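Please look over the model below before reading the points. They are meant to be checked against the coordinates one at a time.

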Amino acid sequence: MTDPALTADHNRETGIWPSIHAERAALAADLAELTDEQWATPSLCAGLTVREVLAHLTAGASLTPVSWLAGVIRCRFDFDKQVAVRLAEQLGAGPDETLERFRRIVPSRTKPPLPAIAMLGETIVHGEDIRRPLGIRRDHPIGVVTQVAEYYRGSDMVVVAKGRVAGLGLVADDGPFAAGSGPLVSGPTVSLVMAMTGRAACCDDLEGDGVELLRGRCGTA
């Protein structure tokens, strides 16, 4: 007999992939007409251009648990080096190739040993890392960004988020997300997600007595 809990987990994982694919497709469309200068724009990820962040997303969607582990071992468990090596592999000869490689992984379900919701979070957060410096706006489906906010407020798995918002009351002003208690931090759900994951610049979108405390907890993204 199938364990109902395992079935529910599987269904939950499966149900997230269409949102991941939709977010990737929207990002690819948004970047279709960039100039070489725009591709070289610094992203919200310190030290990375928008082109490099896109290559990082491609790399993440190209790694199986086995290939991820092999890379970690090859890099002697230096996770930052592993990220840099995989990014370089997917950068390509120029921006057109970087974008084409990303387009190829839009429908992919390949992932390292992370839950699908973490992949959705990575896609949305890094998509905003790219879009915001370029002045590109995306109205993410509120249900999708609410899922991501719920994930990050309870997890430090990929990035410290749960610890960053400890002791703060988070309230979205555009959807149902609310979490925690303490000094208030309120604003758009996607901006809460970005601040939770360390993007200090996105605190400018937020209001409340807890904003400066949260800003101070934002380090290098």
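The points below go from the overall layout to single residues.

1. Basis. This is a predicted model, in which local features need pLDDT of at least 70, side-chain atom pairs count only at pLDDT 80 or more, and totals for chains, interfaces and linings use all residues. Residues are numbered from 1 along each chain as its sequence is written, and side-chain values use heavy atoms, with hydrogens and water left out.

2. Layout. The chain has 10 helices and 3 strands; helices (H or I, at least four residues) and strands (E, at least two) are DSSP runs, numbered from the N terminus. Read from the N terminus, the order of elements is α-α-α-α-α-α-α-α-β-β-β-α-α. Of the 221 residues, 45% count as buried, where buried means under 20% relative accessible area, exposed over 50%, and partly exposed in between (1.4 Å probe, protein chains only). A contact is defined as heavy atoms within 4.5 Å. Of the contacts between residues at least 6 apart in sequence, 64% join residues at least 24 apart.

3. The sheet. The 3 strands make an open sheet of mixed pairing, in the order E2-E1-E3. Two strands pair if DSSP finds at least two bridges between them. Strands E2 (178-179) and E3 (184-187) are the edge strands, each pairing on one side only. Helix H9 (residues 189-196) packs on the sheet and touches E1 and E3, with its direction at about 145° to that of E1; axes are lines fitted to C-alpha atoms, for helices over the stretch in contact, and angles run from 0 to 180 degrees between N-to-C directions.

4. Strand pairing. E1 (residues 169-172) and E2 run antiparallel and are joined by 2 bridges. Leu170 has Ala179 of E2 as its bridge partner, and Val171 stands opposite Ala178 in E2. These two strands form a hairpin with 5 residues between them.

5. Helix H9. After the helix comes Gly198, with a positive phi near 100°.

6. Nonpolar cores. A nonpolar core is a set of buried Ala, Val, Leu, Ile, Met, Phe, Trp, Tyr and Cys residues joined through side-chain atoms within 4.5 Å. The largest has 37 residues, and those with the most contacts inside it are Leu120, Tyr152, Phe177, Val185, Met196 and Leu214. Two or more residues each come from helix H1 (4-30), helix H7 (116-134), helix H8 (142-153), E1, H9 and helix H10 (211-217). H7 gives the most to this core, with 7 residues. Apart from it lies another core, of 17 residues, which includes Cys45, Val50, Val106 and Leu134.

7. Met196. Which residues does Met196 contact, leaving aside neighbours within four places in sequence? The list is Ala149, Tyr152, Arg153, Val160, Ala161, Arg164, Val165, Leu170 and Phe177.

8. Glu128. This residue sits in helix H7. Glu128 counts as buried because its relative accessible area is 5%. Leaving aside neighbours within four places in sequence, Glu128 is in contact with Leu44, Pro133, Arg138, His140, Val190 and Met194.

9. Aromatic rings. The count comes to 1 aromatic pair. It is formed by Tyr151 and Tyr152 and is tilted, at 5.2 Å centre to centre and 55° between the planes. Rings of Phe, Tyr and Trp (its six-membered ring) pair if their centres lie within 6.5 Å; planes under 30 degrees apart count as stacked, over 60 as edge-to-face and the rest as tilted. Both Tyr151 and Tyr152 are buried.

10. Cysteines. The whole structure has 0 disulfides, a disulfide being a pair of cysteine sulfur atoms within 2.5 Å.
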